[in-house]
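Hi,

Here is the structure I promised to pass on. Have a look at it first, and then read on for what turned up.

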Amino acid sequence: MARRVIFGGLLCILAVVVLMAQMVRLQVVDHHHYVTLSQENRVKVVPVPPTRGLIYDRNGVLLADNRPSYRLVVTPERVPDIQRSLAEVVEIIDLPDAKRERFEDLLRRKRHFEEIPLRTRLSDEEVARFAAHRHRFPGMEVRAQLVRHYPERKHASHAVGYVGRISPSELRRIDTSRYRGTSHIGKGGIELAYENVLHGNVGFERVETNALGRVIRTLDRQPPEPGNDLILTIDSRLQDVAERALGDRRGAAIAMDPRNGEILAMASAPKYDPNIFVDGMSRDQFEQLERGSWQPLFNRAVRGRYSPASTIKPFIGLAALEKGIITADETLRCTGEFTIEGGDRPYRCWRPGGHGDVDLAAAVAQSSNVYFYKVGFELGIDAMESFLGLFSFGESTGIDLIGERVGVLPSRDWKRTNLGEGWFHGETVITSIGLGYFLATPLQLATATSTLANRGERVQPRLVRAINDGSSGEQRPLGADTPQQRIELNDQGHWEATIDAMRASVRHPRGTARLISRGLRYDLVGKTGTAQLAALDEEMEYEHEERPEHLRDHALFIAFAPADSPEIAVAVVIEHGGGGGAAAAPVARAITDAWLLHDISYLTTLEAGRVDTREVESVIETPGGAQP
Amino acid sequence: MSFTSTEYRGTELQRLSILQDRLHLDGSLLTALLALSVFGMAVLYSAFGEDIAQVQKQAVRLSVGFVALFAMAQLPPQTLRRAAPWIFAGGMVLLIAVISLGVIGQGAQRWIDLGLFRFQPAELMKIALPVMLAWLFAEGDLPPRWTRTLIALGLILIPTALIALQPDLGTALLVAASGVFVLYLSGLRWRWILGGIAAAGAAAPLLWHFVMHSYQKARVLTFLNPESDPLGAGYHIIQSKIAIGSGGLFGKGWLNGTQAHLEFIPERHTDFVLAVVAEEFGLVGVAQLMAVYLFIVGRGLYIAVNAQDNFGRLLAGGLSLTFFVYAVVNAGMISGLLPVVGLPLPLISFGGSSLVTIMAAFGILMAIHTHRRIWSS
């Protein structure tokens, strides 16, 4: 072993020799070269962060811009006594406990020669006061910076998203040299999805410093390339209508142009103010926001998963027509309940006693469950799944946001993979009225409704209409570049039969959406849905209004208009809203009125609580005891 | 008179030697370590822009280090040997604990917070692994048979992979090195060693594609061509070379390094502190510093050769060579010979966690040298 040890020692000497050879090369051979460089090294390279691109709505209303902001930063290694300086600085500037807490946290995590922000958004007064007392605070400096600002505050916040401080995990993911001098990064919505477009490229400035390292003059600069501006498909006015129509209820409303997939409004309630993320907040504040008040950050429009309930009926009807199971005029008897042959469990209609003999139009309009139990059972789960799959249920719509959820289109495969069980007949029955395992996001409902409105032309929903190049100002429209496939039916007449049925749901005196037909001046077609939350005990069938709110059903409505040349498709979900016809349909009507007629009188009536829903309140479409 | 005086000096030396043995310390090693520490504080004083408070912090850390050294030196190697599997198992448990905590905390996690101070299990591994391997080999014949060799490889690979995943490439590298050195000293055939090096070379592309983080890749790419990214990672190396080169033969003098004081050298207190040394003390200063490092490793290897049993020999040799890797990799990195992996310069860089480990390792070396079993003779 001694030999090995000695050999190891020799290798150490060799390593030092190689190392010293390199040192000789640097310090003796190239010494003059480096001395020159060192003298030139009065020149510092300072990164100049790019200006983040702005976000506009489709009419040029500014949704996100940048404002100058002053912040106080601390370089810990230059501060002789941090605690004392902190104690003194609070006499000059306001320092909430949360900010101080955050600072202490960063102080532990960051290296001592890195600048740590102590306070952001100093007022002009505070800046002036600090400037007067600056000599007392070595190592503390006021820096000016452009920060993100959302002038419309809570408006369209789920679509626009927000920026926040770059987190350690993001730091690992991003190209750090591109983010030199940048403190914020997109964290949600468009700000996150289009981060690369909005950010731009860092520039740098070569500055000459004196012997103390203070900047004397700028030698040259490579200007940063500003980020690109985005023009959204959102119409700010329509967005406002959608948000106001939802009011203080929880839920989502999406309006889409079925011709090109442009999202005209994307509202999710409750809302939040993205400006609070820019400054950063304490953990408590964040948790309070996340958990305390019904998760306002959660974008229900693209991430909320709800049972589509009766809104699925037009699609099931279309499938049944197309597969030849029924014709539009054929009537089936709705007796109030349906029992699978050989089974003993009855599946109920929401209306005790049933609807009698109903054809497709009456079944959709009055939302007969038994009619759809029958055709759905006849179709079978496989045909149902493959047909509904064409309308992008159970798959991503491809919207240009990150984090879209795909819901569940139930199938034998899905159940086996996820629950490890085989499929039961009873599950086919309840799938045909959009309950059971079936889940869809409001965005998926709006997309499927658009496809229906287009008579089979599929569109990809999107939020960005055009990109304005930050340097040249040139506008580049973002078209639907990928041609979407078309759903070809054997008989084009089946589209019209289905749409006629949806028209009846609005226009027919017994239609579940008849509430919104009053004063309707264009051809709106739609379908209500009421997603049951808790199976009611049969003895305890109390009136809907008496139910505690969290047990109330989710209200849904899908619609498009005008029926013959659709310009807008809408999907609305109101959590615990009760009946789709009473709670969700008026929200859709307010939106379509505003878009097609520029008329917000329906909205104001709705906001004033003057839409009389009493007549349709009993229409809740929930089949008692239908759960498997 | 002259006779008595030499006699007097003789007893003085004898007394010192007896004192050394009683305290289980090694005078020459201790002197070298103290010299490095003092020199380090002087350099830091300059690197911190003459901020004595930071130097005092380092002094506290060094004191803790010397206490650790003294404590470890009192521990008989036989006790360490008996405890070896337990120490290693404990280290592994902590390492896994820290990783699972890190998964929960959603970020790189290396620390266990003990309230008063933070503890990094990866540091413990730098000692636990060589102790474990020395125990493993000392239990059997040398050179080891292939079964033991394979077990040893497994013992090296698992903690290294866990640390690399944290991700802490620098520490992973050192832990791996500490194990590989023991393996080498055990007398493993050259054929196998060379084969292993070839295999590692072949595995490098796999590592690149599947294991390394993008920032680690960036560092390697920057190392290959620093000018490609003058604002990003390449800035470190370029500035560091300017500082070294402009120092010349004798340096600009203590507290006079312009690169250091104008803050052109990044991380000048920690990983890049040697650039400050090179700028202010020149080639001569660097050569002297390297000579001290060589002396320390030489003394460590001397202790290894003279150890009483294979356990002591393997452990002393492994720890000494690992210490040297620290110094050489750091120096190679700041002079542009090696990619930047984030290793401090031992006993000079500002910072506490690896310092205590290094001191504890030297405590073990001294214990191996001074706790001698008395043979029947």
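Before the burial figures, a word on the term: a residue is called buried under 20% relative accessible area, exposed over 50% and partly exposed in between, using a 1.4 Å probe and protein chains only. On that scale, 54% of the 628 residues of chain A count as buried.

Please keep in mind that this is a predicted model, in which local features need pLDDT of at least 70 and side-chain atom pairs count only at pLDDT 80 or more, while totals for chains, interfaces and linings use all residues. Residues are numbered from 1 along each chain as its sequence is written, chains are lettered from A and ligands numbered from 1 in the order in which they are written, and side-chain values use heavy atoms, with hydrogens and water left out.

Chain A first. It has 22 helices and 21 strands, taken as DSSP runs numbered from the N terminus (H or I, at least four residues, for helices; E, at least two, for strands). With contact meaning heavy atoms within 4.5 Å, residues 24 or more positions apart account for 72% of the chain A contacts that have a separation of 6 or more.

Next, the aromatic rings. Over all chains there are 22 aromatic pairs; rings of Phe, Tyr and Trp (its six-membered ring) pair if their centres lie within 6.5 Å, and planes under 30 degrees apart count as stacked, over 60 as edge-to-face and the rest as tilted. Phe315(A) and Phe393(A) form an edge-to-face pair, because their ring centres are 5.6 Å apart and their planes stand at 80°. Phe315(A) sits in helix H14 (residues 313-322) and Phe393(A) in the loop between H16 (369-389) and H17 (412-419) of chain A, so this pair ties together parts 78 residues apart in sequence. Both Phe315(A) and Phe393(A) are buried. They also belong to a cluster that ring pairs build from Phe315(A), Phe387(A), Phe391(A), Phe393(A), Phe438(A) and Trp495(A).

Axes here are lines fitted to C-alpha atoms, for helices over the stretch in contact, with angles from 0 to 180 degrees between N-to-C directions. The axes of H5(B) and H7(B) (residues 169-185) come within 9 Å and cross at roughly 15°. That makes the two helices H5(B) and H7(B) roughly parallel (angles under 35 degrees; over 145 is roughly antiparallel, 65 to 115 roughly perpendicular and the rest oblique). Residues of H5(B) that meet H7(B) include Met125(B), Leu129(B) and Leu133(B), and those on the H7(B) side include Leu174(B), Val175(B) and Val182(B).

H5(B) also packs with helix H13(B) (residues 310-334), at an angle of about 150° and with the axes 8 Å apart. Among the residues that meet there are Trp135(B) in H5(B) and Leu314(B) and Tyr326(B) in H13(B).

Finally, which helix of chain B is the place of Leu36(B)? Leu36(B) lies in H2 (residues 27-47) and is buried, with a relative accessible area of 3%. Beyond its neighbours within four places in sequence, Leu36(B) is in contact with Leu289(B), Val292(B), Tyr293(B), Ile296(B), Leu347(B) and Ile348(B). The C-alpha atoms of Leu36(B) and Pro346(B) are 8.9 Å apart, although 310 residues separate them along the chain.

Best wishes
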